[in-house]
Structure formats: structure tokens, C-alpha cells
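Please read the following report beside the sequence and the three-dimensional view.

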Amino acid sequence: MAGAARASPGPGGRDVPPFASPPWRVSDLLLGVGGLLGSLLVVFGLIGLAVALGAEGRDRDLWAAGATVGFEASLAGLVLLLARRRGIGLGELGLRRPARWGLLPAALIGAYVMLGLYQALLVLLEALGIDASALDGGNPLPSDADQGIATLALLGVAVVVAAPLGEELFFRGLLFRGLRGYWRVLPALALSGLLFGLFHVNPSVLVPFTAVGMVFAWAMEQSESLWIPIAAHAAFNSLAFAAHVAGA
């Protein structure tokens, strides 16, 4: 599939592979980032409202899980609306059969390799007498494992289904693909990965999640499909969620 595609002029005027350059414009990227920030404000506002109304414990966690599902759904909806505005079909957006399904295990293993390398770096820093405890906090889920079946079920939907769909559509389908239309692959990978790391608003996962975002974007570039990073993201989150439920 990739070998048969012909180059076409990208937004920057140079020839790029058709899949690498959908008709996203800078205005689309700016609208996307603005929509992301607006959705975050709504989520934090809803959680703040729940706290103000006296929600605590299981009720607060249920609100947080529901707000997370809504937020991830808003990311997916935002990208689909922008695609419709530009006349981009689902296949051109990336929701099509991958050129190579074998990239799925490569993407998942690559993500864990990045986490392993980061942990090795932290161990090295500690061995050198550098306090790296602030960078080793992980990315905890917004609920305790004993907060009830309803909360865990909603959180599972958020983590295993909504997040992979919403975040991959936004960070890989929109941001990476948009940057790729103007830039070569490495700077597009780096910036979209960095934005993915910053999105988690957690210094302890900024570096590893930036690397994971780059791995997922690379997998999409090579497979010419969003389904590869979506599936890898879902598998990655599923393992984390299972460990969370088990109290690990």
C-alpha cells in the first residue's frame, strides 16, 4: 500500500506521501489545541463543582471518571468535526486497515522499552547521588481501586476505550499528521510526542510519555493507519488498569 502511493504537493509546497499530508491547515491545529484547552477547563470545572456540592470518596471518583470519559469523547468529536469541515474521510484520517499489522506488537513493545529506559535512567541518577524521586511518581488513575464497581467500570471505559480513541485521533490523527504535512518526520514526531507528554500535566511522565507518543506516531506513519496506535494504546492502558485494580 505504501509503496504504491504517489507523492503529491503538501501544504508547504513540497512533495510528500499522500497519507502523511492530509489537508490539515495551521488553523485546524490551532482550533484543535484551543478545543483541547477548553475541554480541560470544562472537566476541571465539573470536578470542582462536584467538590463544591460536597461530593467525596466514591461520589467524587465517579464524577471524575465520568468527566474523563466525556473529555476523551470530546477530543474524538473535535477531530471528526475538523475532518468533516475539511472534507477528510475516515480512511484518509487514518481509520483504515493497516499496511502492516506486525507493527502493533512493535509499537507496544517499543512503549515499554521507553518506560524501561527511563527507569534505568532514574536508577543511574540515584546511583550518582542525584535525587530523582520527583521524576518517579508515575501517572496514577483518578480513583482508588476500592471505589466501587460503578466507578471502576466507568474508569475502565475511560482508560481502555475512550482514551486510546480520543488521544490517538487528536495527537496522532490531527497534530502529528498536521505537522507531518509541513515538516520532516523527526521534528513532527518530536513535537507531537512532547505535546502528548505535556498533556498529562505530570513532570514524572513527561519524558517517557513523550517517547511513547513518538513511538505511536512512528507506528502510524509506518502502518498508514490509526488503528495500530489505537490498539497499542488500548493494550498499554489495559495492563495499567489491570494492575491498578489488582492494587499493584
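Where is the place of Leu53? Leu53 sits in the loop between α1 and α2 (58-86), where helices are DSSP runs (H or I, at least four residues) numbered from the N terminus.

This is a predicted model, in which local features need pLDDT of at least 70 and side-chain atom pairs count only at pLDDT 80 or more, while totals for chains, interfaces and linings use all residues. Residues are numbered from 1 along each chain as its sequence is written, and side-chain values use heavy atoms, with hydrogens and water left out.

Two residues can be set side by side by their accessibility, for which buried means under 20% relative accessible area, exposed over 50%, and partly exposed in between (1.4 Å probe, protein chains only).

| Residue | Relative accessible area | Class |
|---|---|---|
| Leu53 | 63% | exposed |
| Ala235 | 28% | partly exposed |

Ala235 belongs to helix α8 (residues 227-245), and its C-alpha atom is separated by 9.9 Å from that of Val161, 74 residues apart along the chain.

Helix α4 (residues 103-127) has 25 residues, which at 1.5 Å a residue should span 36 Å, and its end C-alpha atoms are 35 Å apart, which agrees; the expected span is 1.5 Å times one less than the number of residues. Within α4, the residues Leu103, Ala107, Gly110, Ala111, Tyr118 and Leu122 are buried. The buried residues of α4 pack against α7 (203-223) and α8, contact being heavy atoms within 4.5 Å. Just after α4, Gly129 adopts a positive phi of about 85°.

Notes
Helix = DSSP H or I, 4+ residues; strand = E, 2+ residues; numbered from the N terminus.
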